Amino acid sequence: MRGFRTDLAMESISGGSGQVEGVRVRTHQVGSVRHTRIRIDRDRAAEMLGRRKGEYITVECGDLPHCDQRTRELITRLVAMGVRGMLPETGEVLVVGLGNRNVTADALGTRVVERMLVTRHLHQAMAQELKGRLRGVSAIAPGVLGLTGIETAELCRGLVQHVKPSAVIAIDALAAYESERICTTVQITNTGIQPGSGVGNHRLGLTEETLGVKVIAVGVPMVVYASTIAHDAMSRLVDSYGAFEPGQEEAADRLLKQVAEGFLGEMVVTPREIDEMVISVASLLSDGLNRALQPQLDTDTLHSYLHI
């Protein structure tokens, strides 16, 4: 029995029974890094998996926050390639860091924005040799509804109407089914994102339909639901250790449902080292995004313009 709460498309697919028609999956391994590209083409497949139609790219590594320099460089390059492949060739880009900076496990988006190279305001002041090489980038961390009283999608819609970017990149913390995926998997998708999904706070989505421009979502799992862990533990007990006699399948299903929907509710679990992990992963993601947005600048030049 598989869990049901995950923001990762690859977990939705692996949790299904057999191959789903209308879904294409390509995976290749480079050293300790696995790169998977998932394409959902049909409405029926999207409905079965609970995902929007579009492309999902995942980059997996056993320990993103503590990987060696060579592995980090490879992951950064794969993230940059994935984002760049979804971006329009021209036009400004608005980067939105979602989440609550006061909640460590939900602060990934705000930490990434702090490390972005913003250039929209530099066109008049930049050196002559850089003109035409820098893409216009603006960035904002709008906070959450509980702090602002305004839906994040409403704020972003107003910004898009004023700034008129060709695309929006939204970064947020995600929730995974498997605890091993916390800070080990980067997901990039062109289907948009539901702000706060990683901590059970579902809000109006940031999508092409709501904002009127292409929306690319980048996320890393930072939490798992406590109810999912309990559900998985109980299902293992039922399946592997014969906690119920044959013929009592309905009773087992009722118990699992009670565990999944019971007192644990929307409680989420995160590692005790999450503060260090968020900072490290945010640095990695920002490097990848800056490379995706400014492909004509080498790494040293990029870092020379960042005040971090």
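Among contacts in this protein between residues at least 6 apart in sequence, 74% join residues at least 24 apart. Contact here means heavy atoms within 4.5 Å. The model is predicted: local features need pLDDT of at least 70, side-chain atom pairs count only at pLDDT 80 or more, and totals for chains, interfaces and linings use all residues. Residues are numbered from 1 along each chain as its sequence is written, and side-chain values use heavy atoms, with hydrogens and water left out.

**Overall make-up**

- The protein has 11 helices and nine strands. Helices (H or I, at least four residues) and strands (E, at least two) are DSSP runs, numbered from the N terminus.
- Of its 308 residues, 51% count as buried. Buried means under 20% relative accessible area, exposed means over 50%, and partly exposed lies in between (1.4 Å probe, protein chains only).
- The protein exposes about 15,200 Å², and carbon and sulfur atoms supply 49% of that area. Accessible areas come from the Shrake-Rupley method with a 1.4 Å probe; for residues, only the protein chains shown count as cover.

- Strand E3 is largely enclosed by the rest of the structure, because seven of its seven residues are buried.
- E2 and E3 run antiparallel, joined by seven bridges. Two strands pair if DSSP finds at least two bridges between them.

- Strand E6 (residues 167-176) is mostly covered, with 10 of its 10 residues buried.
- E6 pairs with strand E4 (residues 93-97) in the parallel sense over five bridges.
- Val95 stands opposite Ile169 in E6.
- E6 pairs with strand E8 (residues 214-225) as well, again in the parallel sense, over 10 bridges.
- Ala175 has Val223 as its bridge partner in E8.

**Salt bridges**

- A search of the whole structure finds 18 salt bridges. A salt bridge is a side-chain nitrogen of Lys or Arg within 4 Å of a carboxyl oxygen of Asp or Glu.
- Arg24, Arg37, Arg39, Asp41 and Glu55 are linked in a network of salt bridges.
- Asp41 is partly exposed, at 33% relative accessible area. Arg39 is partly exposed too, at 32%.
- Arg39 also meets Glu55 in a salt bridge (3.9 Å, N to O). Arg39 lies in strand E2 (residues 33-40) and Glu55 in strand E3 (residues 54-60), so the pair ties together parts that are 16 residues apart in sequence. Glu55 is buried, with a relative accessible area of 15%.
- Elsewhere, Glu178 forms a salt bridge with Arg181, the closest N and O atoms being 3.5 Å apart. Glu178 is partly exposed at 28%, whereas Arg181 is buried at 14%.

**Helix H3 and Thr71**

- Helix H3 (residues 69-86) has 18 residues, which should span 26 Å at 1.5 Å a residue; its end C-alpha atoms are 26 Å apart, so the two values agree. The expected span is 1.5 Å times one less than the number of residues.
- The buried residues of H3 include Leu74, Ile75, Leu78, Val79 and Met86.
- At the start of H3, a side-chain oxygen of Asp68 reaches to within 3.1 Å of the backbone nitrogen of Arg70. A polar contact is a pair of N or O atoms within 3.5 Å; within protein, one must be able to donate a hydrogen and the other to accept it, and residues adjacent in sequence count only if both atoms are side-chain atoms.
- Thr71 sits in H3 and is buried, at 11% relative accessibility.
- Not counting residues up to four places away in sequence, Thr71 touches Ser32, Val33 and Cys61.

**Helix H4 and Thr110**

- Thr110 belongs to helix H4 (residues 108-113) and is buried, with a relative accessible area of 2%.
- A polar atom of the Thr110 side chain lies 2.8 Å from the backbone oxygen of Ala107.
- Leaving aside neighbours within four places in sequence, Thr110 is in contact with Gly97, Leu98, Gly99, Arg101 and Ala141.
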